[in-house]
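Me: I would like to learn how to read pockets and sheets in a model. Please start with a pocket.

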Amino acid sequence: MYEELNEDEDIFEKLEEESKKTKLNGKKILIVEFSVVVLLIFLVLGTYFKLNDAKKIAKEYMRNVLQGNWNKVYDYLYFPEEDNVYLSRKMFLSVQELSNDTRIFRVSISDIREVGSKDKNSRQFEVTYRDKKENKKILVPMVRKKGEWYVDGYKQFVEDIAYLEVPKDTKINLDNVALDSAYLKKTEGNTDFYEIPTLFRGVHYIVLEKANMEKYEDLVRFEKGKPVQVTMQYGKDILEMAAKQAQGEIRKEYENATKDTLEDKELRYLQLKNNQIKVRPSEENPEYIVVTIESEYEYRYKQKLFYFFHINKTDSGKCTNKCTFSYQSGALKLENKEINTSFLK
């Protein structure tokens, strides 16, 4: 009898436990549903604030641009060709430091508003700021990548196709980065033509090196559609060698001209003095060296007046002589010379 009562008690206990489990599961479902709703709300709010992050980013970006904080500015930028060595952070900092020499330390951004048509992946803001008691405006294009907003660095700072023309077979270093020969498009005569697909606008530091030429180092500015053209000078030793050889050629020519009597003149004495020597590349061919020597001259001669009567005369003046050389296989080669001996006649 006691065993039957115990069995009934077990049944009631089991029913009571099942009832508790059902209530507990119901609470769990309610908690899960509530959590999902909260999560959805956060996602909606997050998306809303993410969209509005673009405005905040545009404002902070402009603040750093105006203050010249270029390292921070680069963090806001997006470039489609991130693997391009000429769009690296190092290159960006170099160009901006060389191109921008003014900074506004107390930046006052008075207004920022969205302009143009809206798009979920691109927006544009007009930022108004104060500079030296004057209101200025600038447009900031934005792009959305992987849910994050960036300033479109390509539109803001990159130049499509930069053109560079240098002497043939020249080694080029641009902002301490070697210019790949893959960018060499053609060679015409003694000039190599380069096209760089993407390069930061502004001032760049360029170094050119070529055998027998002076190393070229300078700042250059790339502008839309305008090629940067660079010429090089021969090395100092070669220029001095050309100047000496030109003087020798000119002296030789005068000696030949004064050996014989010219018309009714008989030369007695010739002196070239106060020589002014100019050495420069030829305008027709930059690889040629043109040496121009401007001299003062004085010469004495006997001139026949009658059959048996001569008179001694002295004349003086200035003359200009030119010699053009090329440099081949370690030696100068005379290409052309223009010697002025007209005053001897």
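Reply: In this predicted model, strand 6 (residues 158–167) gives the most to the lining of the second largest pocket, with three residues. Strands (E, at least two residues) and helices (H or I, at least four) are DSSP runs numbered from the N terminus. Residues are numbered from 1 along each chain as its sequence is written. Local features need pLDDT of at least 70, side-chain atom pairs count only at pLDDT 80 or more, totals for chains, interfaces and linings use all residues, and side-chain values use heavy atoms, without hydrogens and water.

Me: Which residues lie nearest the centre of the second largest pocket?

Reply: Pro167, Asn190, Thr191, Thr231 and Pro286 do, out of 14 lining residues. On a 1 Å grid over the protein atoms alone, a pocket is an open set of points where a 1.4 Å probe fits, with protein on both sides within 12 Å along at least five of seven lines; lining residues have an atom within 4 Å of a point.

Me: How do strands of a sheet pair?

Reply: They pair through backbone hydrogen bonds, either parallel or antiparallel. Pairing here requires at least two DSSP bridges. Strand 14 (residues 265–281) and strand 15 (residues 289–304) are antiparallel over 14 bridges, and Gln276 stands opposite Glu294 in strand 15. Strand 15 also pairs with strand 16 (residues 310–328), antiparallel over 16 bridges; there Tyr299 stands opposite Asp315.

Me: What is the strand order in the open sheet of four strands?

Reply: The order is 8-7-11-12, with antiparallel pairing. Strand 8 (177–178) and strand 12 (216–222) are the edges, each pairing on one side only.
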